[in-house]
Amino acid sequence: KKKDVAPLVMCPTEYNKSWSNPAKGSYLDILGEKLQPSIHIMWTGDRVISDITSAGMDSINARIKRPAYIWWNFPVSDYVRDHLLMGPSYGLDTDIAKKMSGFVTNPMERAEASKLAIFSVGEYCWNMKVYKPAASWEKAIKTLIPSESAALRTFASHNSDPGPNGHGYRRDESTEIKPIADRFIKSLPEGKFDPKDVEALIAEYKKMIEASSALLKCRDNDELIDEIRPWLLQFDQLGKKGVKTLELFKLYQKDKGLLFWNNFRTLSEIDTEMQ
């Protein structure tokens, strides 16, 4: 009757598999049987926050008798408000274009910081078959902060994972330095650490300090810098704490007691400021 209003999209009460009644003939099956076929039905995946897979699409589509309208809960962070989710957008199967009627991303409350994910979701929806999460993320970074893209890349690579949370959804973070950090920590009890690992970790912490400074001075996107300023300030402090901690470690190895104590006091001051 209202030809200029279309299509109608509804979000069901049971909008993910973990919340739905699996019994045959229950809520989702009733929607599939009774709801007018042109009405789109939203779906978030196997959980509230979930990867979107071909098997998952087949499962829900069989129940609602139409291609589901995907509501992807990424990079939304209302369940981990102290985190920024600025890493690559992955976990999306690339052979499911015909199994869905639509795809929308749920962003963070910080509009500019969300654009890394929104950019990639746009590329994913435009052509799933050629979508590459890492390459798309790199392009998004260069688009958002052209003059300091390397600094934003450093920051975003360490601000990707929501951490432990009730939804159980995790993302890769600090992927380039993590193998070195893991190896160093594992070797410490045995005292057989590689000095090169210590230097690599110090270099990464210094890179964090430099990235924070560069972004705080950058004028490419004032709105983005305002949104992430608290995290940039903490990022700078974390970098300084990391450098100082590893310098302490080196002094401890050399049994430099007085120098160790003076540096420890500085580290304690940084820690207080971070808190």
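What share of the 275 residues of the protein counts as buried? The figure is 44%, with buried taken as under 20% relative accessible area (1.4 Å probe, protein chains only). Bear in mind that this is a predicted model, where local features need pLDDT of at least 70, side-chain atom pairs count only at pLDDT 80 or more, and totals for chains, interfaces and linings use all residues. Residues are numbered from 1 along each chain as its sequence is written, and side-chain values use heavy atoms, leaving out hydrogens and water.

**Overall build**

- The protein has 9 helices and 4 strands, counted as DSSP runs (helices H or I, at least four residues; strands E, at least two) and numbered from the N terminus.
- Starting at the N terminus, the order is β-α-β-α-β-β-α-α-α-α-α-α-α.
- With a radius of gyration of 23 Å, well over the 19 Å that the globule rule gives for 275 residues, the protein is more spread out than a compact globule; the radius is taken over C-alpha atoms, and the rule is 2.2 Å times the number of residues to the power 0.38.
- The C-alpha trace spans about 80 × 45 × 35 Å along its principal axes.

**Contacts and surface**

- Take the contacts (heavy atoms within 4.5 Å) between residues at least 6 apart in sequence: 69% of them join residues at least 24 apart.

**Largest pocket**

- About 690 Å³ of space lies in the largest pocket. A pocket here is an open set of points on a 1 Å grid over the protein atoms alone, where a 1.4 Å probe fits, with protein on both sides within 12 Å along at least five of seven lines; lining residues have an atom within 4 Å of a point. Points are joined across faces, edges and corners, and the volume is the space filled by probe spheres set on them.
- It has 27 lining residues, and H158, E173, S174, M208 and L238 are the closest to its centre.
- Two or more lining residues come from each of α6 (178-187), α7 (195-217) and α8 (222-253), with α8 giving the largest share, 9 residues.

**Second largest pocket**

- This one has a volume of about 270 Å³.
- Of its 17 lining residues, P88, W137, S157, T175 and E176 sit closest to the centre.
- α4 (133-144), α5 (149-157) and α7 each supply at least two lining residues, and α5 gives the most, with 3.

Notes:
Buried means under 20% relative accessible area, exposed over 50%, partly exposed in between (1.4 Å probe, protein chains only).
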